[in-house]
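Trainee: I would like to learn how to read helix packing and sheet order. Can we work through an example?

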Amino acid sequence: MSRARTPLKIVPLTHDTPAGAPAGGATQRIVDAITTAIAERRLMPGTKLSEQKIGDIFKVSRTVVRQAFNQLSRDRLVVLEPARGAFVATPTAEEANDVFEVRTILETAVTRQLCATITDAQIKQLREHLQLEQAAVANAEVPGRTRLLGDFHLVLAQMLGNQVLVQMLSELLTRSSLIALMRQSSQSAEESLDEHVAIVDAFEKRDVKAAVRLVSKHLANVQHNLHLDPQRVDLADILHP
């Protein structure tokens, strides 16, 4: 898993595509918008995704929307049901356990290796990221804090310089957000922030054993704090470019 370290850069989930771009670009814009809405917990499991409405939002044909749905279906973020249409996937409890089990395996391995090689400059980057998290939590900015709390884990993976690992973890984080059947409460967000601070403290001490234990405990707490919160949504508000 070891790679030469590169400057930290978190790749955004969305991409700006100019008007009149090819259909492939339009398809990716829809995929990115829905993926980001799921990652930020603005689109809830079970939400009906209307081909016509999404086509109107992005000013594309229903064929392009179907292409996006097919891609999201392959990523297990959308379920396509014959004669009923497309729905945001509703993962089972077993799937949730599987996703967090894989995250724990990957992230404890990342933590173990990074803690042995982390630089002072990287510690500083983590501290700066924690400041952004703290500001978002203090402002009760749900999408922003959800994104930043998730990005913390991507920051750690990217510090190893392995982009395949970053992509794998990014997909798992999106599925974790889908599994979270409600927006994160302010209390659980504050707890996650505190746990991130403790993890960075362990990194700064180069205490591998403590860092691995804290990451494992943090993921267990995140999984434990998942709750059900069904809500109605307006696709135009959520997905409008």
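Trainee: Which residues in α5 meet which residues in α6?

Mentor: Keep in mind that this is a predicted model. From α5 come Leu-126, His-129, Leu-130, Leu-132, Glu-133, Ala-136 and Val-137. They meet Gly-144, Arg-145, Leu-148, Leu-149, Asp-151, Phe-152, Val-155 and Leu-156 of α6. By type, the residues of this contact are ten nonpolar, two polar and three charged.

Trainee: What describes two packed helices?

Mentor: The angle between their axes, and the distance between those axes. Here, helix α5 spans residues 120-138 and helix α6 spans residues 142-158. They pack at about 165°, and their axes lie 8 Å apart. Angles over 145 degrees count as roughly antiparallel, so α5 is roughly antiparallel to α6.

Trainee: Is the crossing of α5 and α6 left-handed or right-handed?

Mentor: Left-handed, as α5 passes α6.

Trainee: Now the sheet. What is the order of its strands?

Mentor: The order is β1-β3-β2. This is an open sheet of three strands, with antiparallel pairing.

Trainee: Which are the edge strands?

Mentor: Look for strands that pair on one side only. Those are β1, at 48-49, and β2, at 78-81.

Trainee: How many bridges join β1 and β3?

Mentor: Two, in the antiparallel sense, with β3 covering residues 85-88. In one of the pairs, Leu-49 has Ala-86 of β3 as its bridge partner.

Trainee: Which helix packs on the sheet?

Mentor: Helix α3, residues 62-74. It touches β1, β2 and β3. The direction of α3 makes about 115° with that of β2.

How values were computed:
Residues are numbered from 1 along each chain as its sequence is written. This is a predicted model: local features need pLDDT of at least 70, side-chain atom pairs count only at pLDDT 80 or more; totals for chains, interfaces and linings use all residues. Side-chain values use heavy atoms; hydrogens and water are left out. Axes are lines fitted to C-alpha atoms, for helices over the stretch in contact, and angles run from 0 to 180 degrees between N-to-C directions. Helices (H or I, at least four residues) and strands (E, at least two) are DSSP runs, numbered from the N terminus. Angles under 35 degrees count as roughly parallel, over 145 as roughly antiparallel, 65 to 115 as roughly perpendicular and the rest as oblique. A crossing is left-handed if the near helix is turned anticlockwise from the far one by less than a right angle, and right-handed if clockwise. Contact means heavy atoms within 4.5 Å. Ala, Val, Leu, Ile, Met, Phe, Trp, Tyr, Cys and Pro count as nonpolar, Asp, Glu, Lys and Arg as charged, and the others, Gly among them, as polar. Two strands pair if DSSP finds at least two bridges between them.
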